[in-house]
Amino acid sequence: MTINLPIGRLYTYDNLTMPIEVVNGRKGGPRLFVSAAIHGDELNGVEIIRRLLRHSALQRLRGTLIAVPVVNVHGLLHRSRYLPDRRDLNRSFPGSSRGSLAGRIADLFMREIVANCTHGIDLHTGAVHRENLPHIRANLDDPATLELARAFGVPVLLNSDLRDGSLREAAMEAGIPMLLYEGGEALRFHEVSIRAGLRGVLHVMRVLGMLPASRRHAHVVKPVVARSSSWVRAPESGVLRLQATLGTRVRKGDVMGVIAAPLIDRDCRVEAPFSGILIAHTHLPLVHEGEALFHLARFGSNAAVAGQVEALQEMLVPTLPEDEVI
Ligand SMILES: [Zn+2]
């Protein structure tokens, strides 16, 4: 069943709607929402939801799946992360019916979607020119959320209990366990991230009892849990050459990239300020001093993430038909 939720009028007097697909199982069960493009330029989740809705596994659904492929319709139209009032929708929750445009859409989403669900997954990517390693951000201190995060099957779980006005925070406040999935970069389809996301959503639905257990041997990646993360910034301006790849474990002092000027024979090394795993980096070689280049996650122990990343990538090589991704 498709619902076109009215979200107001454009200044052209065209009515704008948020398309929502509700899939009811034959039997009752949890009610899961899966949302994407709350940042309007983050597209992998739009494709993850398209594949999810045509996946054969849904024929045996229990409970209800509420899929919202584009939450920030204004942003998608403008190929922008933000709303036309330049607010970040994912910093505007829980919102209010008399607030800003972002606040009103957040409020509508809380009333129409979150209030009708028992669990949620929100799909994101890195920013423009920045690629994220597939990972989950969630409040891992909550046991129910931790169980879902582990089931998702990505190599890294990042504990995050920020009070940041995000959908995730508002849903948690409403007592709804929620995962935020990150993978790939804005304005691009990244096949491995799409497959990892689709597979993760299906795994979570199995753990919730919404789908029957797989008959196939489940290759679940055993994730490592990071308690915090930091961006490493450019010490000076110039042209960046990357020397580390996503998922790499670096030690304090390791060189992750080198900044140089095109015609000057002088290199500036960008070193890891602490030991960790590289979970995001810029793809744009042109950098100004102070720009965020590398996102490093900290781990309590020396974890073998690199092997897990390799295992995940091998498992998701884009030669399998979409339906085989489970
Ligand atoms: Zn995002």
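1. Let's start with E182: this residue is buried, with a relative accessible area of 7%. Here, buried means under 20% relative accessible area, exposed means over 50%, and partly exposed lies in between (1.4 Å probe, protein chains only). Residues are numbered from 1 along each chain as its sequence is written. Please keep in mind that this is a predicted model, where local features need pLDDT of at least 70, side-chain atom pairs count only at pLDDT 80 or more, and totals for chains, interfaces and linings use all residues, while side-chain values use heavy atoms, with hydrogens and water left out.

2. Which residue does E182 pair with? Its salt-bridge partner is R137, with the closest N and O atoms 3.7 Å apart. E182 belongs to strand 8 (residues 178-184) and R137 to strand 6 (residues 130-138), so the bridge ties together parts 45 residues apart in sequence. Strands (E, at least two residues) are DSSP runs, numbered from the N terminus. A salt bridge is a side-chain nitrogen of Lys or Arg within 4 Å of a carboxyl oxygen of Asp or Glu.

3. Now look at E169 and R163, whose side chains form a salt bridge at 3.3 Å, N to O. E169 is buried at 16% relative accessibility, whereas R163 is exposed at 64%.

4. D267 and R241 also meet in a salt bridge (3.6 Å, N to O). This pair links distant parts of the chain, 26 residues apart: D267 is in strand 13 (residues 264-271) and R241 in strand 10 (residues 238-242). D267 is partly exposed at 47%, and R241 is partly exposed at 40%.

5. Finally, salt bridges that share partners join E47, R50, R51, E191 and R195 into one network. The structure holds 15 salt bridges.

How values were computed:
Helices (H or I, at least four residues) and strands (E, at least two) are DSSP runs, numbered from the N terminus.
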